[in-house]
Amino acid sequence: MAMIDAEVYETISSVSDNALEVLGILVIISIGITVLFYFVGRAYIRTNLALRRIVSISRSPIYTFFGDSVIGLVTIRAFAANNRFYDKILKLTDGLNRPEIFMWSMNRWLAVRNDFLSGVIVFVTGALVVSSGSIDPGVAGAVLTLALQFTHSMLWLVRNYNMNELNMNAVERVMEYIQISQEPAATEHGKAPAAWPTEGDIRVESLSVQYSVDTPLVLKDLSFEIRPREKIGVVGRTGSGKSTLALTLLRFVDITEGRIFINGIDISQINLADLRSRVTIIPQDPLLFSGSIRFNLDPFGEHDDAILWSALRHAHLIDGEVQAEASAAEIVVNENGNEEENANQNKNERVKITLDSHVSEGGSNFSQGERQLIALARALVRRSKVLILDEATSSVDRDTDDNIQTTIRNEFGEATLLTIAHRWSMATNMTPEYPLSSLRTVMDYTRILVLSEGQIAEFDTPYNLMEDKKSIFHSMCQKYVQSQHHLAVVVHKF
Ligand SMILES: Nc1ncnc2c1ncn2[C@@H]1O[C@H](COP(=O)(O)OP(=O)(O)OP(=O)(O)O)[C@@H](O)[C@H]1O
């Protein structure tokens, strides 16, 4: 009891005194350190952010230049430009190193200030511990160690905060993509009738289109009607709105004003997936999916191989004999397993494209002309009632183009066809028998739609337009066909 009366009070009092002293020291140290580090950290983060941004900007030209140099290595060597390219890459590397050196110097700058502050803090803590006199040596040691640890942690807090701020830029960019307005989702109400379109008639009513609210109208108040099975050539000068019209028919570009009806249904009222699966477009530069030719022709596995082979043949990707050999090879391999595979290897080597041929991402292992032919084969498999060709055979040779035009005429006789003819440049080997490729393509079409600055300038049969000496179509043809005699031959021919 004597101990309780005499000593316990004393020890409790000492412990609480010490605890309060330690707490006080820690609070003073913490606030002091935090304020000091706030100023140092702010200067570091601001400068480092700016430097890192410069580093990122300086890095991409090096990657681009290096990539370009690797691709063009043969040309660089052929022109003995090695030294020029070597000097250029050194200059670009210097441009990257300059901000990099400053960036790493900033880390040293921070470390020096951190070490200095640590010294000051430990000194002040030590002074406080010593001046208080009554602090237990163990507690004093713990306080000094904590002070040191604290400054160390502050250093990494500043550095990691800085890194985090930079990395959050990437998150910010992803957020921007997430917030991009999406195409409208499919609705029950927007489902197109199963067989739509049974006829390929198109009615365009007062159609106006602009790409964004602050840009001028690209298509201005267009109204026209296309009857089922008509073959329409769309021509006009560069920038007249031909591609925009094609994109609008598939709602890749939103309609600003007016309406488009396909087989009596307003296309703005139906689901995008339905519209785009029933109307086919073959663009100038078609994209293919990575996988096989079979997957590209028939992604949902809805058609027999016979139909797919036929599409490849009609698109002139293979000839009939090659198709028979390839089909036979496939059948034997399928029936007898791998043993027969070698026996058919020779045959398969002759077959450049089969249904199982591999297609790289975007179709990069095929030429642009081959990609156009595969897109044509895809259209042949789909058999849409409305087909849009956006200079679909611009990259194939003359004979293949001739064959394809015949295929289009034969195979899409029941479809409404809109062919956009972009190129009115002179064919190098142009003769009266072989005039401009685009002109040739649309010359025997039902009607020609001439666009001028987003408006319909002319819409009539090629014959009538050519007969009218004042028509834009006549002048476009005349400009490129060498003489009046030559023009007369072309008109007569078609
Ligand atoms: N994505 C876009 N954003 C803004 N304006 C665009 C866009 N695409 C095209 N335009 C503008 O729309 C107009 C019509 O372009 P469009 O590509 O339809 O013409 P075009 O007749 O097909 O030309 P070309 O024969 O040269 O391909 C042009 O003035 C063009 O600058």
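Reply: The model is predicted, and the questions below take its labels one at a time.

Me: Why is N271 called buried?

Reply: The relative accessible area of N271 is 9%. Buried means under 20%, so N271, at 9%, qualifies. N271 is found in the loop between β5 (265–266) and α6 (272–278).

Me: What makes the approach of N271 to T187 a polar contact?

Reply: The side chain of N271 reaches the backbone oxygen of T187 at 2.9 Å. The limit for a pair of N or O atoms is 3.5 Å, so a pair at 2.9 Å is within it. T187 is also among the residues that N271 touches, along with A185, A186, G190 and K191, leaving out residues up to four places away in sequence.

Me: Is E230 buried or exposed, and how do you know?

Reply: E230 is buried. Its relative accessible area is 4%, and the cut-off is under 20%, so the label holds for E230. E230 is found in the loop between β2 (219–226) and β3 (231–236).

Me: Which residues does E230 contact, and what does its side chain reach?

Reply: Apart from neighbours within four places in sequence, E230 is in contact with E225, A415, T416, L417, T446 and R447. The side chain of E230 reaches the backbone nitrogen of R227 at 2.8 Å.

Me: What makes α5 mostly covered?

Reply: Six of the eight residues of α5 are buried. They are K242, T244, L245, A246, T248 and L249. R251, whose phi is positive, near 60°, follows α5.

Me: What lines the largest pocket, and which element gives the most to the lining?

Reply: The largest pocket holds about 1,000 Å³ of space and is lined by 34 residues. R276, S277, T280, R378 and R382 lie nearest its centre. The elements giving two or more residues to the lining are α5 (242–249), α6, β6 (279–282), α7 (293–297) and α11 (368–382). α11 gives the most, with five residues. By kind, the lining divides into 19 nonpolar, six polar and nine charged residues.

Me: Where does the label "transmembrane region" come from, and what is the chain like over residues 116–133 and 139–158?

Reply: The label comes from an unreviewed UniProt entry, which places it on residues 22–45, 116–133 and 139–158. In the model, residues 116–133 are 94% helix and 0% strand, with end C-alpha atoms 26 Å apart. Residues 139–158 are 100% helix and 0% strand, and their end C-alpha atoms lie 28 Å apart.

Note on methods. Residues numbered from 1 in each chain as written. Predicted model: local features only at pLDDT ≥ 70, side-chain atom pairs only at ≥ 80, totals over all residues. Heavy atoms only, no water. UniProt positions renumbered as here; feature names shortened; annotations may be inferred. Helix = DSSP H or I, 4+ residues; strand = E, 2+ residues; numbered from the N terminus. Buried < 20%, exposed > 50% of the residue type's maximum accessible area, 1.4 Å probe, protein only. Polar contact = N/O pair within 3.5 Å; in protein donor to acceptor, adjacent residues only side chain to side chain. Contact = heavy atoms within 4.5 Å. 1 Å grid on protein atoms, 1.4 Å probe; cavity = no way out; pocket = protein on both sides within 12 Å on 5 of 7 lines; lining within 4 Å. Points joined across faces, edges and corners; volume = space filled by probe spheres on them. Nonpolar A, V, L, I, M, F, W, Y, C, P; charged D, E, K, R; others polar.
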